[in-house]
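Okay, thanks everyone, let's get going.

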Amino acid sequence: MELRKEYDLICVGAGIMSATLALLVKQLKPDLNVLIVERLDKVAQESSAAWNNAGTGHSALCELNYTPEDEEGHVNIKKAIDICTQFETSKQYWSFLVAEGLIKDPKSFITPVPHHSWVKGKDNADYLEKRFEAYKEHFMFDTIEFTREAEKMQEWFPLMMHGRTEDEVMAASRIDRGTEMNYGSLTAQLFDILEKKYDTKVLFNTEVEDIDPDHDVDWLVKMENLTTGKKGTVDSEHVFIGAGGGSLLLLQKVEIDEKDGYGGFPVSGEWLVCKNPDITNQHNAKVYSKAGIGDPPMSVPHLDTRFINGKKELLFGPFAGFSPKFLKEGSYLDLLKSINFENIPSMWGVFWHNLPLTKYLVEQVAMSFEDRMDSLRVFLKDAKNEDWEIMVAGQRVQTIKKDEFEGGSLEFGTQLVSSKDGRITCLLGASPGASTSVKIMLDVLEKAFPELTTSEKGKEQLNIMVPFYKKEVSKVLFEKELEKVSKILEL
Ligand SMILES: Cc1cc2nc3c(=O)[nH]c(=O)nc-3n(C[C@H](O)[C@H](O)[C@H](O)COP(=O)(O)OP(=O)(O)OC[C@H]3O[C@@H](n4cnc5c(N)ncnc54)[C@H](O)[C@@H]3O)c2cc1C
């Protein structure tokens with residue numbers, strides 16, 4: 001292990017977040033010295049791995065949790081506009097990499113798959129129609145289609161219409177421009193560019209154990225080589241904790257006031273994956289339904305076409321489970337280690353004020369294979385047990401934050417925690433996740449390296465890489481960039 005070498009930036013964890021940040025930094029200032037430290041032996045093995053997430057390009061085209069209905073019955077699309085803008089920002093950056101010849105084949109990570117919302121029952125159908133009306137008025141979503149007709153749904157997702165009776169009240173919407181993502185492949189290619197073009201390497205099998213202030217400005221990153229057991233320290237001016245589920249445990253060791261009161265609750269995930277290619281080939285869609293009342297947003301059931309390593313797959317889920325680990329390859333002591341005097345009030349507050357969530361998790365954990373198949377049969381009436389198998393998905397750590405009134409609040413989005421001077425930043429939470437990695441890492445860049453984002457040269461470069469950067473997104477700009485990006489990414 002290299003000892004006491006000065007770095008400008010150390011990224012903890014080799015997932016999509018560190019890959020994106022490190023590459024942006026090197027593209028803006030190639031002479032900065034960047035190191036990525038990873039406890040496993042390859043990149044993208046935790047949440048960013050293709051099978052560990054759902055591979056949805058979250059763009060608010062089909063996910064109903066981004067368009068809540070208020071008490072007067074109005075559907076609010078503000079959050080949806082935000083998510084859609086963020087995903088287009090990511091697509092712009094990825095298309096820049098393709099146009100520059102740094103990524104050869106866009107099909108290796110992005111495939112067009114139409115996005116649908118599908119609901120049952122009159123009230124839900126009425127809500128979906130209201131959402132359609134609101135979407136029709138906005139240029140980001142005006143290509144939306146809506147139907148209550150079984151015949152149309154038969155055209156959109158025939159597999160789901162087998163065995164339906166005429167008295168079932170259903171509605172669906174569709175936006176053609178949806179995408180299916182292989183974030184694992186994308187992450188591996190980002191690290192490839194870092195190594196080949198910028199000589200920036202990942203230090204594998206090395207776990208960051210602690211991060212302490214050193215002298216006046218630098219951070220001392222303490223790590224252990226997990227193969228040899230040898231310990232060492234490395235100095236860096238900036239640190240980014242992009243350790244996925246492992247971020248919270250590291251943040252808690254960093255001596256900054258901003259970390260206080262944060263806690264986390266691990267939720268593991270499982271999918272049903274189709275083993276029968278004849279069935280898989282009959283579906284070409286991502287179909288998202290509605291979460292049950294009181295269920296968390298990440299519980300929204302969906303039936304997804306996936307493309308993983310050149311093969312078409314069909315996946316249903318997610319089902320939540322409980323494991324005290326914070327990473328899929330983590331330790332059973334993770335949850336226990338994360339509880340301390342600072343965050344006990346937040347943890348208790350969240351537990352006490354979210355009893356429906358606790359009930360949901362207990363019910364999910366108690367589900368048998370047959371129960372899960374019954375959930376799938378809401379989507380596919382004639383699904384047979386022998387055609388499906390369970391697969392373990394990635395581990396999420398839901399962030400718990402101090403709350404003045406309830407002790408603690410549960411956060412379903414991503415949280416960027418940083419020191420006042422921006423020299424250490426940490427990403428907590430996993431939703432909407434990889435889809436919005438470019439916007440989130442641009443936020444980190446602004447905090448940690450303001451000189452790179454505010455200089456004339458930096459601004460000019462960022463506008464080439466990400467045309468939405470710091471711009472009001474008008475209809476004309478949106479449509480122009482969407483067309484350009486779609487061509488480059490072959491969508
Ligand atoms: C079930 C599920 C479904 C999801 N579906 C979607 C989806 O459809 N669309 C979407 O956009 N996003 C989705 N997400 C979210 C998305 O997967 C994550 O937001 C994203 O992959 C996080 O990337 P990351 O780089 O932060 O973390 P990770 O990919 O988890 O990488 C963190 C890395 O840090 C390493 N590490 C941890 N601790 C240490 C340490 N102390 N020292 C060194 N290395 C360390 C880990 O080994 C790991 O390699 C989903 C997530 C889950 C779990």
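Let me start with P266, which is buried, at 0% relative accessible area; buried here means under 20%, exposed over 50% and partly exposed in between, with a 1.4 Å probe and protein chains only. P266 sits in strand β12, residues 263–274; helices (H or I, at least four residues) and strands (E, at least two) are DSSP runs, numbered from the N terminus. From P266 to M373 it's 107 residues along the sequence and 24 Å in space, C-alpha to C-alpha.

Quick housekeeping: this is a predicted model, so local features need pLDDT of at least 70 and side-chain atom pairs count only at pLDDT 80 or more, while totals for chains, interfaces and linings use all residues. Residues are numbered from 1 along each chain as its sequence is written, and side-chain values use heavy atoms, with hydrogens and water left out.

Now, the ligand. Which residues come nearest to it? Those are E38, S48, T56, V208 and S435, out of 36 residues around the ligand, where near means a heavy atom within 4 Å. By class, that shell has 16 nonpolar, 15 polar and five charged residues. For the classes, Ala, Val, Leu, Ile, Met, Phe, Trp, Tyr, Cys and Pro are nonpolar, Asp, Glu, Lys and Arg are charged, and the others, Gly among them, are polar. α1 (16–28), β9 (206–214) and β16 (388–403) each put at least two residues into the shell.

On to N and O atom distances. The side chain of S48 has an N or O atom 2.5 Å from a ligand oxygen. For S47 a backbone N or O atom is 3.1 Å from an oxygen of the ligand, and for A54 a backbone one is 3.0 Å from a ligand nitrogen. The ligand on its own has 1,000 Å² of accessible area, and the protein covers 96% of that (Shrake-Rupley, 1.4 Å probe).

The whole structure gives eleven aromatic pairs, meaning Phe, Tyr or Trp rings (the six-membered one for Trp) with centres within 6.5 Å; planes under 30 degrees apart are stacked, over 60 edge-to-face, the rest tilted. Take F87 and W94: their centres are 5.9 Å apart with planes at 75°, so that's edge-to-face. F87 is buried at 1%, and W94 is buried at 0%. Ring pairs join F87, W94, F109 and Y183 into a cluster.

That's me done, thanks.

Note on methods:
Polar contact = N/O pair within 3.5 Å; in protein donor to acceptor, adjacent residues only side chain to side chain.
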